[in-house]
Amino acid sequence: MTLALAEAARGKGFVEPNPMVGAVLVSDDRLAGSGHHARFGGPHAEVAALAATPGSARGMTMHVTLEPCCHFGKTPPCSRAIVEAGISRVVIATRDPFPLVSGGGIEELRAAGIHVDVWPVDSPVARQAIRLNRPFFKRVLTGRPYTIAKWAMSLDGRIALATGDSRWISNDRSRAIVHEIRGRVDGILVGIGTVKADDPSLTARPPGPRTPRRIVVDPRAETPIESVLVRTARETPVTIFCAANAANDRRKALESSGCELIPLNASANGSLSPESIVEELGSKGLTNLLIEGGSKVLGRFFDAGCIDEVAVFVAPALFGGPAAFPPIESKSVRPMESIPRLAEVRTSTIGSDTLIQGLVQSDWCATLEKSLSR
Ligand SMILES: NC(=O)c1ccc[n+]([C@@H]2O[C@H](COP(=O)([O-])OP(=O)(O)OC[C@H]3O[C@@H](n4cnc5c(N)ncnc54)[C@H](OP(=O)(O)O)[C@@H]3O)[C@@H](O)[C@H]2O)c1
């Protein structure tokens, strides 16, 4: 299964909104073939592994990272291909909560006389498989994209100097990792404060398998017409979320420059609901959304429970100065016992920087666990 999981990960950025899946065929404890779902609309991993196996696969064991599908989608059901190939045992890393599968794949295989084993949901193998497809699972269960909050900060916890200058806090290697993440997500979101301070391009350099939509939370439609984002909006899409009462002339100017404007009803304090923003982005088909800041955007998304994962680069530098630009400028103060603690934390050393990644648990995670534990 370790090999099947490595196969699955090769599809990252290429297969979304589908899940990443890998499959391995074993005969007499020897590897006979392997494959992965390589691109959206292309053959599924099980079919790819069968195709990569010389001769007949009759009597072999298949290890697959996700429950095989049993419905007609862009391709015929994998459960049928497995039955027709004469596989005698299938080992599955995790069930698939997708309503058209959700245990149906396992039932079909068993009904055909195939021995099926599923890794326990709390086993390291299942946890790795679940983590790999968290974005897919979230989209299936909520219709919303999976959100990764990323920031770079000084050791004293600032994402910019009090002057607003944030270039550059992290080192070249850390920034290369950010570009790699950018190249496999569907959208990159920032606030208007960041656009004004940094005039960012929000592109992946070098490009990755996906071209992310650039998204700005800009209640008063103040994104400058001369900004890099607006000047390049016809090449790489820019979506601006503004308040429904933002000045018409500003909205029109941005629209005629090629930006997409999405008006939302703002609350009494002028805030646009992060839930509405992710809901809207989900309906546009986004699976992965990278939230790059600044302080206020991250604070609003945090307060709304709209952060699923964090990737924080900590640089060994001390900013001092007034308490400007914390990573999360949030209004809510929670009791210590209910602050979110990250799960499945990974810490890596990137030259002199430290990258800390971890998962944030929210309501949909409990639904997922329940549906996978059946
Ligand atoms: N180190 C890093 O990784 C990093 C990354 C990005 C940015 N930065 C730095 O962060 C600084 C900017 O931070 P910031 O907090 O000023 O800017 P920001 O979060 O990018 O944008 C703040 C602006 O967006 C509005 N806004 C955000 N979310 C909103 C929502 N849900 N509804 C309505 N309005 C919303 C705010 O409105 P209100 O005024 O009404 O609150 C405010 O006008 C810059 O200096 C930038 O360089 C650093």
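Author: Helix α12 (residues 295-303) lies across β6 (146-154), β7, β8 (213-217) and β11, and runs at about 130° to β11. That angle is taken between N-to-C directions, from 0 to 180 degrees, using axes fitted to C-alpha atoms, for helices over the stretch in contact. Contact here means that C-beta atoms, placed from the backbone, lie within 7 Å. Helices (H or I, at least four residues) and strands (E, at least two) are DSSP runs, numbered from the N terminus.

Keep in mind that this is a predicted model, where local features need pLDDT of at least 70 and side-chain atom pairs count only at pLDDT 80 or more, while totals for chains, interfaces and linings use all residues. Residue numbers start from 1 along each chain, as its sequence is written.

Now for the sheet itself. Strands of a sheet pair through backbone hydrogen bonds, either parallel or antiparallel. Two strands count as paired if DSSP finds at least two bridges between them. β7 (residues 187-191) and β11 (residues 288-293) pair in the parallel sense, over four bridges. Look for Leu 189: its bridge partner in β11 is Ile 291.

Zoom out a bit, and you have an open sheet of nine strands with mixed pairing, in the order β10-β9-β8-β7-β11-β6-β12-β14-β13. At the edges sit β10 (260-264) and β13 (343-350), each pairing on one side only. On average, neighbouring strands of this sheet are turned by 20° against each other, ignoring direction.

Key:
Two residues are in contact if their C-beta atoms, placed from the backbone, lie within 7 Å.
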